[in-house]
Amino acid sequence: MRRAIYPGSFDPVTNGHLDIIQRGCKLFDEIIVAILVNPDKTPFFSVEERTNILTEVLKDIGKGECKVIVDSFEGLLVQYAAQRRAHAIVRGIRAISDYEYELQMALMNRRLEPSLETVFMMPAEAYSYVSSRLVKEVFQLGARIEGLVPSLVEERMRNKK
Ligand code: PNS
């Protein structure tokens, strides 16, 4: 039974995140999508809202035999992963620019917990420029975000305005 943690802010979840989850499902029996509770940041959606949105949108994607769970965590990712008895951390890498930060995190996490592997996965090219930060920015400036996020996310973002 191979279990992975897919950690992140998911504020909001994008189609790129869902693409990574689907790809991760080919490698793992269980993926825990773990939302970081970050008291230093003022998020667009609360952790509860993000949990609810993720749970809803995950119902609509093909996951094969893979079990996908939504959870949230505070503190060190490696501690949370050990507590959940996970074998790996999954992170999506879009461009070379992501790699530097991701490599630093992966190596720091390896130093903290050598038994935990980080697996980098590439999303479909169509999502290679999609980030939660840019989605929020263009949405708040009045642009359409159809195709970049699940329709439920767009709807919930419109309701928040
Ligand atoms: O979606 P994000 O914001 O890029 O995700 C970043 C995340 C949640 C993976 C990272 O900030 C994290 O793991 N935070 C938990 C605290 C921690 O373990 N920090 C040390 C990482 S080397």
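Colleague: What makes strand 1, helix 1 and strand 2 a right-handed β-α-β unit?

Modeller: A crossover is right-handed if, with the strands pointing away from the viewer, the path from the first strand over the helix to the second runs clockwise. Strand 1, helix 1 and strand 2 make a unit of this hand. The elements themselves are DSSP runs, numbered from the N terminus: a helix is a run of H or I of at least four residues, and a strand a run of E of at least two. Please note that this is a predicted model, in which local features need pLDDT of at least 70 and side-chain atom pairs count only at pLDDT 80 or more, while totals for chains, interfaces and linings use all residues. Residues are numbered from 1 along each chain as its sequence is written, and side-chain values use heavy atoms, with hydrogens and water left out.

Colleague: How do you know that strand 1 and strand 2 pair?

Modeller: Two strands pair if DSSP finds at least two bridges between them.

Colleague: In which sense do strand 2 and strand 3 pair, and over how many bridges?

Modeller: Strand 2 (residues 30-36) and strand 3 (residues 67-73) pair in the parallel sense over seven bridges. Within this pairing, Ile-32 is opposite Ile-69 of strand 3. Between the two strands the chain crosses through helix 2 (residues 47-58), and this β-α-β crossover is right-handed.

Colleague: Why is strand 2 described as largely enclosed by the rest of the structure?

Modeller: Buried means under 20% relative accessible area, exposed means over 50%, and partly exposed lies in between (1.4 Å probe, protein chains only). Six of the seven residues of strand 2 are buried, and therefore the strand is largely enclosed.

Colleague: Is Arg-85 buried or exposed?

Modeller: Arg-85 has a relative accessible area of 65%, so it is called exposed. Its phi, near 55°, is likewise positive in a residue other than glycine. Arg-85 is placed in the loop between helix 3 and strand 4 (88-92).

Colleague: How do you know that the buried residues of helix 5 line one face?

Modeller: The buried residues of helix 5 (residues 132-140) are Ser-132, Val-135 and Phe-139. Seen down the helix axis they fall within an arc of 60°, so they line one face; the arc is that of the directions from the axis to the C-beta atoms. As a general rule, an α-helix has 3.6 residues a turn, so residues three or four places apart point the same way. The buried residues of helix 5 pack against helix 1 (15-24) and helix 6 (151-160), where contact means heavy atoms within 4.5 Å. Just after helix 5, Gly-142 takes a positive phi of about 95°.

Colleague: Why is the pair of Phe-44 and Phe-45 called edge-to-face?

Modeller: Rings of Phe, Tyr and Trp (its six-membered ring) pair if their centres lie within 6.5 Å; planes under 30 degrees apart count as stacked, over 60 as edge-to-face and the rest as tilted. The whole structure holds four aromatic pairs. For Phe-44 and Phe-45 the centres are 4.9 Å apart and the planes at 80°, so the pair is edge-to-face. Phe-44 is buried at 18% relative accessibility, and Phe-45 is buried at 2%.

Colleague: What does the pair of Tyr-99 and Phe-120 tie together?

Modeller: Tyr-99 and Phe-120 are 6.2 Å apart centre to centre, with 80° between the planes, and their pair is edge-to-face. Tyr-99 belongs to helix 4 (residues 96-112) and Phe-120 to strand 5 (residues 117-121), so the pair ties together parts that are 21 residues apart in sequence. Tyr-99, at 39%, is partly exposed, as is Phe-120 at 27%.
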